[in-house]
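Thanks for coming. I will walk through a few local features of this structure, loops to begin with and then rings and helices.

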Amino acid sequence: MRRLAVIGTGYVGLVTGSCFADIGNQVICCDIDETKIQKLTQGIIPIYEPGLQEMVIRNQQEGRLQFTTNLAEAVQFAEIIYIAVGTPMSPHGEADLSYIYAAAKSIAESMQEYKIIVIKSTVPVGTGRSVQQLISEHTTHPFDMVSNPEFLREGSAIADCMKMERAVIGATHPSAADVIEELHAPFRTLVYRTSVESAEMIKYAANAFLATKISFINEIANLCEETGANVSEVSTGIGLDSRIGSQFLQAGIGYGGSCFPKDTEALRFICSKSGVSSRLINAVIETNAKQRYVVLNKLQHVLGHLQGKTIAVLGLAFKPNTDDMRYAPSVDLIPELVQRGAAIKAYDPIAIDEARKWIPSDILYTTDLYEAVEGCDACLILTDWEQVKSMDLERLHSLMRQAVVVDGRNCFSLEEMKAHGFYYSSIGRAVVHSQLEVGIG
Ligand SMILES: NC(=O)c1ccc[n+]([C@@H]2O[C@H](COP(=O)([O-])OP(=O)(O)OC[C@H]3O[C@@H](n4cnc5c(N)ncnc54)[C@H](O)[C@@H]3O)[C@@H](O)[C@H]2O)c1
């Protein structure tokens, strides 16, 4: 059992703190956001993450998990301090490290004895060393630095942490790496020890590689549409090759969320700062930036124009099982649809409160999928929520003014949409036409 402080209780810090508490450690989670800490203290979870609320409440009740805004108290309590604050994209694309440095300085000023300080946030190579330098300028107490990047996915974060595939540990001293390795023992995970710099690079390289797979299959999808191939068959066919693997090969409207967009931009910035070519990463970013708009052309193609049309947007969050709206396609697409004259009825089971902060347009929000589609001229699927994938197609057909579905996530088979009489346009697959009169402008 160890005593831990986790600085920053967002998606990563809260999950990390809860999971470390759940395996028996004493954890204090600290945040500068007083409202967030107040809610957490009362067992109210400020984000949506399946299973998280139960885990937080259980560990609070069993006395292993506490919340505070008092960083000094958390630091003095802990042997190991995790930094899990945000590293958002700055206007030039680089990672904004101001939260990291602010947290590091506060930690240094609060230390009264030896500490292990772990950076869990995604940070550019060299950050661990500069944080080490900064801390040593503000304390005389000894400490070691560790880079232990996070690989969890929102929506399955608890499982990703409790059954983590690997832990990457890059430490300034082997004894600190031993402690962090031992901390991970209950997770029964593969531990891979590296230098601090390599651990930092592994996180960016992993995200950039996954983003590359997505942009790659989207480019193939666009080619499939022009050549008559079906991208679902193509991705299954190439994914059967174990050298390629089947994951992250689902064609759609591209990646969004809090990590891939900012981490690919940050990597591009690191390349340019280091004088290294970033041709591949540039292409990945460019392909992704265009991909989300392909559904607009598809809508325009079938409806003629969007002025006065009612569009049901199904899904607002950047992916299912989260309320995270950061870089969600809906944030770009809804204002564009509104600007082209469409009225929007937006459905999401979880993310509406969050979406209101991100989407300035005056639109109708509902958590009732069938209310969203009633009387609309087309459905636009942006998030592959289970509720969307399992919707009653017969009921959908009967409620819509025109049975037109433009699907940015390839939720349905062409056969079933054809059988139900829809005009169905998806990504990288043939358009299914029904007997329906569409394109009437
Ligand atoms: N969200 C993900 O899926 C994910 C996955 C892997 C890695 N990461 C990385 O983890 C890091 C955190 O991401 P997140 O999504 O949890 O961010 P987030 O924005 O949800 O949370 C960050 C939290 O840090 C707090 N904070 C900022 N400065 C602070 C300070 N000085 N002291 C205490 N708290 C402070 C903020 O109030 C906020 O609650 C980022 O570097 C991100 O790239 C995120």
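R188 is exposed, with a relative accessible area of 76%; on this scale, buried means under 20% relative accessible area, exposed means over 50%, and partly exposed is in between, with a 1.4 Å probe and protein chains only. Before going further: this is a predicted model, in which local features need pLDDT of at least 70, side-chain atom pairs count only at pLDDT 80 or more, and totals for chains, interfaces and linings use all residues. Residues are numbered from 1 along each chain as its sequence is written, and side-chain values use heavy atoms, with hydrogens and water left out.

Back to R188. You will find R188 in the loop between α8 and β8. Helices are DSSP runs of H or I with at least four residues, strands are runs of E with at least two, and both are numbered from the N terminus. R188 is not a glycine, yet its phi is positive, near 45 degrees.

N321 is another non-glycine residue with a positive phi, about 65 degrees in this case. N321 sits in the loop between β9 (310-314) and α14 (329-339). With a relative accessible area of 34%, N321 is partly exposed.

D324 is also placed in the loop between β9 and α14. Is D324 buried or exposed? D324 counts as buried, at 3% relative accessibility. Setting aside neighbours within four places in sequence, D324 is in contact with Y11, E154, S258, A317 and F318, where contact means heavy atoms within 4.5 Å. From D324 to Y365 the C-alpha to C-alpha distance is 16 Å, and the two are 41 residues apart in sequence.

S278 is in the loop between α11 (260-274) and α12 (279-291), and at 14% relative accessibility S278 counts as buried. Leaving out neighbours within four places in sequence, S278 is in contact with R268 and C271.

Q307 is in the loop between α13 (294-303) and β9. Q307 counts as exposed, at 54% relative accessibility. Beyond the neighbours within four places in sequence, Q307 is in contact with R340 and G341. Q307 and K273 are 34 residues apart along the chain, and 45 Å separates their C-alpha atoms.

Now the rings. How many aromatic pairs does a search of the whole structure find? The search finds 5. Rings of Phe, Tyr and Trp, the last by its six-membered ring, pair if their centres lie within 6.5 Å; planes under 30 degrees apart count as stacked, over 60 as edge-to-face, and the rest as tilted.

One of these pairs is F20 with F187, which is tilted, at 5.7 Å centre to centre and 50 degrees between the planes. The pair links distant parts of the chain, 167 residues apart: F20 belongs to helix α1 (residues 11-22), and F187 to the loop between α8 (174-183) and β8 (190-194). F20 is buried, with a relative accessible area of 3%, and F187 is buried too, at 5%.

Next, F412 and Y424. Their ring centres are 6.4 Å apart and their planes stand at 75 degrees, so this pair is edge-to-face. F412 is in the loop between β13 (404-407) and α19 (414-419), while Y424 is in strand β14 (residues 423-425), so the pair ties together parts that are 12 residues apart in sequence. Both F412 and Y424 are buried.

Ring pairs also link F20, Y82 and F187 into a cluster.

Two arginines lie over rings. R166 lies over the face of F151, 3.6 Å from the ring centre, and R395 lies over the face of Y370, 3.9 Å from the ring centre. The criterion is NZ of Lys or CZ of Arg within 6 Å of the ring centre and within 35 degrees of the ring normal.

Last, a helix pair. Helix α6 (residues 127-138) packs against helix α9 (residues 196-227) at an angle of about 130 degrees, with the axes 8 Å apart. Axes are lines fitted to C-alpha atoms, for helices over the stretch in contact, and angles run from 0 to 180 degrees between N-to-C directions. That angle makes α6 oblique to α9: under 35 degrees counts as roughly parallel, over 145 as roughly antiparallel, 65 to 115 as roughly perpendicular, and the rest as oblique. T127, G128 and R129 of α6 make the contact with V196, E197 and E200 of α9.
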